[in-house]
Amino acid sequence: MRFVIGVDVGGTTTAAGVVSEGGEVLLEEQSPTHGDGPDTSGATIARLATAMSRRAAEERLPVAAVGIGVPAIVDAAGRIGEAHHVADLTGQTLGPALGARLGLPVFVDNDVNALALGEWTFGAGKGARSLVVLAAGTGFGAGIVLDGRVVRGAAGFGGELGHVPVKFDGRACWCGGRGCLAVYASGRGIGEAGRAAAAATAGAGLRAAAGGDPARVTAATVFAVAAAGDAVAGAIVDEAVRALGALLATVVNGLNPEVIVLTGGVAAALAPLEPRLLAVAASHAFRQALASTRISIVPSDKRLTVRGAAALALQELRSAPANRRGHP
Ligand SMILES: [Zn+2]
């Protein structure tokens, strides 16, 4: 039996664990990503990975590799592209230095690609030939696994479905585009729409729920106020459902995967809206294609993402020995 270390790097919290080949998270530890001060995520990753390596040795668990999921595009050489929430990692290649320090191969990939591998290896997509994970969190990530391989694309952008346009003349997106799905269906986008609505006369319900301060409205406020029957918040949620339903149809018509997993921090709020989501998807998708795709809403959990990073390490260990992403 061998084990791997999985590290999931989030904008706020970084979690690490020692994971078995069967996907069981045996030891785990979390830390604020920037706990040592601004732009200290690199130090946090190194500290957690080292701690996990030491604890695994104490427990006599032989560790074969480290997998790291980061919230950014990662190219084929393991170099991290523009990382908004972990800016100190932009342009970095974590593998070589950390690998030398730990004496283990280190593999780095986009966090949702890792999560998709985790769901394909251990979770809702186990046994499926094709799987798409849609992660509606602060931003909106996605990962595509076809025939057991992550679709990374020519430059690492494969699966960036959060920035497909769902509204041609829609609101500007932080990516520089317009009308992106993420503007309507991510925590950040829903929160921004909620704050804008709360600042207007009609947004009294949202304003009141945030103690009178429109700046304090979050995506959670919007979902709660909408569930209580407020029309303005309800319209924002309705837009999120329509955008996500359209994306589900895009994925179903474009890839017809066996499984779609919808997860991330916003997923729990979306679970009660599943019938509406599926109705929107059905209005856009080919009926037989939709019928052959299993759609699961899985609430997000740090254990899931740590397991994803571990699945990445296991997958890379199994692939060619002269792997382009690993070290040493
Ligand atoms: Zn965008």
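1. S186 sits in the loop that joins α4 (181–185) to α5 (187–199); helices here are DSSP runs of H or I with at least four residues, strands are runs of E with at least two, and both are numbered from the N terminus. The model is a predicted one, in which local features need pLDDT of at least 70 and side-chain atom pairs count only at pLDDT 80 or more, while totals for chains, interfaces and linings use all residues. Residue numbers start from 1 along each chain as its sequence is written.

2. Is S186 buried or exposed? S186 counts as buried because it has 28 C-beta neighbours inside 10 Å; the class requires 20 or more other C-beta atoms within 10 Å, exposed means 12 or fewer, partly exposed lies in between, and C-beta atoms are placed from the backbone. Beyond its neighbours within four places in sequence, S186 is in contact with A136, G137, T138, G139, F140, G162 and V266, a contact being two C-beta atoms, placed from the backbone, within 7 Å. For F140, 46 residues away along the chain, the C-alpha separation from S186 is 5.5 Å.

3. The buried residues of α5 are G187, G189, I190, A193, G194, R195, A197 and A198. Their cover includes α4, α6 (204–209), α7 (219–227) and α8.

4. In helix α10 (residues 274–284), the buried residues are L277, V280 and A281. These lie on the same side of α10 because they cover an arc of only 100 degrees around the axis, the arc being that of the directions from the helix axis to the C-beta atoms. P275, A279 and S283 are exposed, on the face of α10 turned away from the buried side. Among the elements covering the buried residues of α10 are α8 (231–255), α9 (267–270) and α11 (287–291).

5. The chain is divided into domain 1 (3–117 + 302–318) and domain 2 (127–297), with bounds from an automatic or database domain assignment. Taken over C-alpha atoms, the domain centres are 27 Å apart. Domain 1 gives 12 residues to the contact and domain 2 gives 15 residues.

6. Within the largest nonpolar core, of 107 residues, V66 and V222 touch the most other members; such a core is a set of buried Ala, Val, Leu, Ile, Met, Phe, Trp, Tyr and Cys residues joined through C-beta atoms within 7 Å. Helix α8 gives the most to this core, with 13 residues, and at least three residues come from each of domain 1 and domain 2. The contacts of V66, leaving aside neighbours within four places in sequence, are V4, I5, V7, A49, L102, L104, V106 and A313.

7. R60 has a positive phi of about 55 degrees and lies in the loop between α1 (41–58) and β4 (63–70); with 6 C-beta neighbours inside 10 Å, R60 counts as exposed. N256 has a positive phi near 45 degrees and is placed between α8 and β9 (259–263), in a loop; its 15 C-beta neighbours inside 10 Å make N256 partly exposed.
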